[in-house]
Amino acid sequence: MNSLLKKIFAPRRMEYLTIDRNFKITDTSDGLKRFADKPEEAVVGKEITLGFPEFFGIEDILVAIQQGRQADFHLKGIARYSETESPLYIDINIIAYPDGENLENRLFIFFEDVTEKLLLEQALVQKSNEANLLLSSLSAAKDYIDKIINSMVEVLLVTTLSGKIKKINQAAENLFGYSEAELLGQPITKIVTEWASEALRARQRYRQSPANHQPSLGCELFKDVEVNCQTKAGKKITIAFSCSTISTDIEDLQNFVYVGRDTTERRRTQEELIKTLEQEKELRKLKSRFISIASHEFRTPLAMILLSSDILKQYGHKLSEDKKSKQLDKIKVTVSNMTRLLDDILTINQTEAMQVSFNPVPIELKKFCQELAEEIELATNKTHDFVFQCQESEVSAEMDEKLLRQIVTNLLSNAVKYSSPGSTVYFDLLVKKGWAIFKIRDQGIGIPQPDQGRLFETFHRASNVGNVSGTGLGLAITKGAVELHSGTIAVESEEGQGTTFTVCVPIVQPKELTT
Amino acid sequence: MSTISKKICLIGDFGVGKTSLIRRFVERQFSDRYLSTVGVKISRKTIELLNNQAEKLNLQLLIWDLEGHTKFKSIAPTYLQGASGAAIVADVSRPETIERLTEHINLFLSVNKKGIIVVAFNKVDLIAKEDLAQIVEGFQAKAIAQVLAIYQTSAKTSLSVDEMFQTLVNKIVETGNKEQSSVREL
C-alpha cells in the first residue's frame, strides 16, 4: 500500500514548458519548478534563460527548430546541485508543434528526470575512471622504473631461485651480446661460467633455509664478488656481482637480483700493475746488489793500487828495480781490470740503449776461435786445459769481430772462473746449414735450475757463485752481442756437473741487419 | 548597472581537474577527493567589469563543467553550442592528457569557429619546476594559433586559476560576441 501511495504522490518524471518568439515562457506543467536552476524565475512571462541557464547560447538552434529548419535538440544529463538536496539530473528535449491560433510553430521543451540512471552511471564512471587513473599511474611507474633500469651502467639480472633468468637490462644485453629474448628462461650459467665460492655458499645457504631471512625486506647475499662470465662471442670477462633476494608478486616466492660491474679491464690493469711493481722491486734489488758488487770490485783494486803506490813512494829508494817493476805491473793489471769492468758497464748501457754499432766483416772463424782460446789460456796462466775442436779446414764467415770476441771471451772466461783449476774447458766450432755453432763446455759448479731462466738478465748472478767475483753483466752483454748477429744463445747445466753454452750465429749476415 | 552573460566550457580528459578548477574559481574551495562528473554541471559566477565607456558592467559567467573524455565516451558537441570561450585542461602528470589537448581544441573550434581558448596545464604542484618547463615547451611547439594563452595551474594551490579565467573573460568581452549576449527575437 505504501509503495502504491508513494508512486501516486511521487513527483512526475517528466515536465514541460512552452516559449514564445521572445524566449519567454508561455505555459508550464505543474511540477516544472523542481527542474529549474532558479525556480522563482521558471514562471510564465519570464525569459527561459533566467530559470534555465542551459538555454543561453542556443538561441540560434531554438529559432531553427521553430522555423522548421531543425527537427529537434537534446541536452542530456544536466545536473542541478543544491547544498541541501541530492543532485538532480535532467534530459531536455526541444521540439516544435503547430500553434492552432497563430499559425506558427510553438516550441515545446520537455524535461525528464534521469537522476536514477545518471547516479548509476556516475558510480560506474567513477569506478572505471579510478581504475584507469590507477592503471595510468602504474604504467607510468613501470615505464619510469624500466627507464632507470635500462639507463643503468651496471648489469642487472633477475633469476628464479633455481637460476633461470627472468629479466635483464640493456647494459646486460650490450655486455653479453645476447638479446633479452635469447636469455629469458635460460639458466644463469649460460653467461656465468664460474662462480666464486663465496657466491656459491651464500646462495646455497639461502636456498637451504630461506625462512631465516626476512623475505619482505629482501636480503643481500653477497657484495662485489668477482665471477667469470662469457659473452655470446665467447669472450671471457670478469664481473663483480652483488646479489640480493627480492619478493615476487606471489607470496613467499623470492627471486635473486644480481647487479654487476664489468671489472675485466680493472683486473687486467691491476695484474699489470702488480707485475710492474714486482719488476721494479726486482730491478731495485738487482741495482743495489750491483752497486755493492761494483763498489767491492772497485774498492779491492783501488786498495791494491794505493798500497803499491805507497810502497813506491815511501820505500822506492830502498827497492830494487825488479821489485819496483813488479809493483808497477800490479798497478797496471789492476787498472786494466777496472777498465774492463767499466767497459762492461758501458757496453751494457749501450746495448740497453740500442747504441752498439754492428759492423760485420769477412772473418775466418776457425783461426779466430783457435787464437782466442790460446790467448785466454795464456791470460789465465794455463790453470785449465783448453780443448778446441773444429772438423772444418776453415770457416769463412761475415761477423762483427769485436762483438764476436766479446761473446767467446766472456763464455771462455766464465768457464775458467766457475770450474776448478786443472779441469778441462771444451770449445767446439761446428758448421751446420749456414749457421756457425759455438759450444763451450766446462766441468764446473753448474747453474741451479731456478737461475737458468734469468741468467741473461743484467746484474743477475746464480745463487751458487760463492766468492767468485763478477758483475752479473757478462752474459747479458754476450746475449746482446749474439742477438745483434741475429743469433741465439742457450744453456744446459747441472749443478756440480758443469755447464754448456751453445751459440748459433748465421755465417753470413743478412744485408738489412748490417749497420 | 547592465548585466551580460557569457558561456564558457571546460574541456579535457577525465580526471584532469576541470571540476576542481571551477570549484576553486567559483567557490574558492578545493577537495583532494576525486568525484567523476557525469553529464554537465553549470556554475554561475558574476564578475564586475568596465566597458569601453568606463561604465561598470556585470558579467554573468556560465561555466559548463563537461564530463571528461574517456576511451569509451567522447565529449558531446551539443554541450559546446553557443560558448564564447573554453579552457582546455590537461594533467601535467599524465602525458596522454596533454597529447589529447589538440583534439579537444579542434572539437571546440569545429563548433565555435571564433571561440577564445586558453590551455591549462593543471596539477603543476605534482611536478618539479624544471621538469614542467620541458613538458610545456613540448606542447607549445605544436600550439594552435587560436590558443590565447597557456597557463600552468593548480586548483590545489590556486596557482594561476583566477588569472586564467580572467584572461579568458577579458578577451571574450573585448572581442564582444554581442550576438550571443543579446536577446534575439524569433
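The model is predicted, so local features are reported at pLDDT of at least 70 and side-chain atom pairs at pLDDT 80 or more, while totals for chains, interfaces and linings use all residues. Residues are numbered from 1 along each chain as its sequence is written, with chains lettered from A and ligands numbered from 1 in the order in which they are written.

I begin with the sheet. In chain A, 6 strands form an open, antiparallel sheet in the order 7-6-11-10-9-8; strands are DSSP E runs of at least two residues and helices H or I runs of at least four, numbered from the N terminus, and two strands pair if DSSP finds at least two bridges between them. Strand 7 (165-168) and strand 8 (192-194) of chain A each have a single partner strand, so one side of each lacks a neighbour in the sheet. On average, neighbouring strands are turned by 40° against each other, direction ignored. Strand 8 of chain A is joined to strand 9 (residues 220-230) by 2 bridges, and Val192(A) has Cys229(A) as its bridge partner.

I turn to the two residues. Lys433(A), in the loop between strand 15 (424-432) and strand 16 (435-441) of chain A, has a phi near 45°. Lys433(A) is exposed, with 6 other C-beta atoms within 10 Å. Ser158(B) has a positive phi of about 70° and lies between strand 6 (147-152) and helix 5 (161-175) of chain B, in a loop. Ser158(B) is partly exposed, with 14 such atoms within 10 Å (buried means 20 or more other C-beta atoms within 10 Å, exposed 12 or fewer, partly exposed in between, with C-beta atoms placed from the backbone).

Terms used: Axes fitted to C-alpha atoms, helices over the stretch in contact; angles between N-to-C directions.
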